[in-house]
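Please walk me through this structure in the viewer, telling me what to select at each step and what is to be found there.

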Amino acid sequence: MTTVLPASVRLAWWGTAWLRGHVVTDLVVDAVLGDDATHAVAGLPGADRTETLVVALGRLRAAGASGMGAAFPVEGDPAGLGGPAAFNAEALEAGEAVVVAEAGLGLVPHRTGAAVTWTVHPAARRQLPDVGEADRGLRAALIESANALARLDVARWRPDVADELLNLRHRHPVTAPAGVPDRCVDLAARGLQAVAIVELALEDDGAALTAADITARADALRPLGRAGRRALVAASSPEVWPDGA
């Protein structure tokens, strides 16, 4: 069983692979769609209608793109974004986006049932964590959050979360195209795992009966969520991939 990647990672990885000549068009379309029915792109410069994914990739390449990177912002942590404000706001609402830095464009996914429409905005270059920095940050956050949750007796109120923390080496693999460094594939898998642990732990109030308990749990998980998102940003942003990727 493989992990289902967020739409922005799929587009960033396979779009970059296509732009760099590592994969053929049919593979890109199949990989980006995943279980979705369609993906379309609206608002491309020079286009007066919504375009197919294939046509959009061609337009982006003509605009100078050679890579695409993902962003996973939340309120107070615009991970992977560089502005302007309108793009940041829409990406924040969606929780993810793709930045095509060389073309000065950003794409935000909007889902309607099994259909996804990517809306194009002007986008600025961004400050990114490098892969090593994101890796170290994630490892440190896992230890910090695990210790904090142990003090809060996570096994009592969410035994499933405790199981996930005890089985960090047992994660589902992710599928990446040629050209994505192995280190980034592994980092993406661990980033997704960290984000999933946070989401699982915050699903309900469990046995945390007081406002203080709930706040303490959120505080314990905040560094892990931030590190997980930054790991995903670095792993899916070719601007910071190791030389030779």
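Begin by selecting helix 1 (7–19) and helix 2 (25–33), whose axes come within 9 Å and cross at roughly 175°; axes here are lines fitted to C-alpha atoms, for helices over the stretch in contact, and angles run from 0 to 180 degrees between N-to-C directions. Because angles over 145 degrees count as roughly antiparallel, helix 1 is roughly antiparallel to helix 2. Show the side chains of Arg10, Leu11, Trp14 and Trp18 on helix 1, which make the contact with Thr25, Leu27, Val28, Ala31, Val32 and Leu33 of helix 2, contact meaning heavy atoms within 4.5 Å. By class, this contact has 8 nonpolar, 1 polar and 1 charged residues, where Ala, Val, Leu, Ile, Met, Phe, Trp, Tyr, Cys and Pro count as nonpolar, Asp, Glu, Lys and Arg as charged, and the others, Gly among them, as polar.

The model is predicted, so local features need pLDDT of at least 70 and side-chain atom pairs count only at pLDDT 80 or more, while totals for chains, interfaces and linings use all residues. Residues are numbered from 1 along each chain as its sequence is written, and side-chain values use heavy atoms, with hydrogens and water left out.

A pocket is an open set of points on a 1 Å grid over the protein atoms alone, where a 1.4 Å probe fits, with protein on both sides within 12 Å along at least five of seven lines, and lining residues have an atom within 4 Å of a point. About 380 Å³ of space lies in this pocket, and of its 20 lining residues, Val4, Leu5, Pro6, Arg10 and Gly34 lie nearest the centre.

Now select helix 5 (residues 131–151) and helix 9 (residues 211–235), which pack at an angle of about 160° with their axes 8 Å apart and are therefore roughly antiparallel. Among the residues that meet here are Gly137 and Leu138 in helix 5 and Leu224 and Gly228 in helix 9.

Finally, stay with helix 9, which gives 7 residues, the largest share, to the lining of the largest pocket. That pocket has a volume of about 560 Å³, and of the 24 residues that line it, Val74, Val195, Glu199, Gly225 and Arg229 are the closest to its centre.

How values were computed:
Helix = DSSP H or I, 4+ residues; strand = E, 2+ residues; numbered from the N terminus. Parallel < 35°, antiparallel > 145°, perpendicular 65-115°, else oblique. Points joined across faces, edges and corners; volume = space filled by probe spheres on them.
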